[in-house]
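Subject: Handover of a structure

Hello,

Here is the structure I promised to pass on. Please open it first, then read my notes below.

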Amino acid sequence: MRGPAGGPAVVCVNGGRAAAVEGTWSASLEWLVGRLAPQFPQIRFAEVKYRIKSWNHFDSCLEDAREALERVDAERTLLLGFSMGGAVAISVADDPRVERVLGLAPWLPDRLSVEPLRGRRLDVLHGSLDRAFPGIPGVSPTNSLTGFERARALGVPGTYTLIRGALHAIALRAGRPVPLPRAHVWERQVAMNLDAFVRAR
């Protein structure tokens with residue numbers, strides 16, 4: 001965790017893959033938190049550490065996310081979900097401490113229930129060039145837009161923003177997180193959402 005013990009919290013929820021592998025910290029989320037934490041010293045940043053980061057072990061990812069919310073135990077929480085983490089974040093958004101979900105290139109399959117978002121807010125950021133390629137994970141913007149529209153149909157407020165020229169990831173790991181093209185646009189957009197979250201009360 002990073003930031004003060006009290007006040008609002010941002011809980012970061014990582015993506016996953018088909019193979020059952022041990023959970024690791026995302027380069028994209030690590031880069032973003034490294035840039036954003038100094039801008040928002042009043043926010044506590046925390047990470048969900050999956051035991052297994054795989055969509056084939058989705059239920060255990062949900063358990064890990066709920067455990068993280070318990071440990072952070074902030075009165076006000078924004079879930080920041082990247083890729084599969086968007087689906088995980090939405091699924092645990094019914095926790096009373098959660099006010100908002102911010103999805104970054106979120107994977108929102110049609111079978112995913114958006115009911116946990118009732119009474120919450122969903123904002124989505126997605127790269128216009130995001131695609132899945134052989135051996136390279138990705139999520140089509142059409143996928144997240146369809147999920148966002150399903151949430152809107154339930155009366156869930158929010159925004160959908162397409163980042164022109166952006167890919168799926170925000171940063172890659174080369175010893176340390178290295179930002180990809182358009183990473184600073186992602187940063188600005190996330191910062192705008194965090195500012196709105198802080199000012200909401």
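Helices (H or I, at least four residues) and strands (E, at least two) are DSSP runs, numbered from the N terminus. This is a predicted model, where local features need pLDDT of at least 70 and side-chain atom pairs count only at pLDDT 80 or more, while totals for chains, interfaces and linings use all residues. Residues are numbered from 1 along each chain as its sequence is written, and side-chain values use heavy atoms, with hydrogens and water left out.

Start with the backbone. Most residues other than glycine have a negative phi. Asp73 has a positive one, near 50°. Asp73 sits in the loop between helix 2 and strand 3 (77-82). Ser83 is not a glycine either, and its phi is about 55°. Ser83 lies in the loop between strand 3 and helix 3 (84-91). Is Ser83 buried or exposed? Ser83 is buried, because its relative accessible area is 10% (buried means under 20%, exposed over 50%, partly exposed in between, with a 1.4 Å probe and protein chains only).

Arg118 belongs to the loop between strand 4 (98-104) and strand 5 (121-127). Arg118 is partly exposed, because its relative accessibility is 44%. Arg118 and Asp73 are 45 residues apart along the chain, and their C-alpha atoms are separated by 20 Å.

Next, a pocket. On a 1 Å grid over the protein atoms alone, a pocket is an open set of points where a 1.4 Å probe fits, with protein on both sides within 12 Å along at least five of seven lines; lining residues have an atom within 4 Å of a point. The second largest pocket has a volume of about 210 Å³ (the space filled by probe spheres set on the points). Its lining has 11 residues, and the closest to its centre are Glu47, Val48, Lys49, Ala68 and Arg71. Strand 2 (44-47) and helix 2 (58-72) each give two or more residues to this lining. Helix 2 gives the largest share, five residues. By class, the lining has five nonpolar, no polar and six charged residues (Asp, Glu, Lys and Arg count as charged; Ala, Val, Leu, Ile, Met, Phe, Trp, Tyr, Cys and Pro as nonpolar; the others, Gly among them, as polar).

Last, a helix pair. Helix 1 (residues 27-36) and helix 5 (residues 183-199) pack at about 60°, with axes 10 Å apart (axes are lines fitted to C-alpha atoms over the stretch in contact, and angles run from 0 to 180 degrees between N-to-C directions). Helix 1 and helix 5 are therefore oblique to each other (under 35 degrees is roughly parallel, over 145 roughly antiparallel, 65 to 115 roughly perpendicular, the rest oblique).

Best wishes
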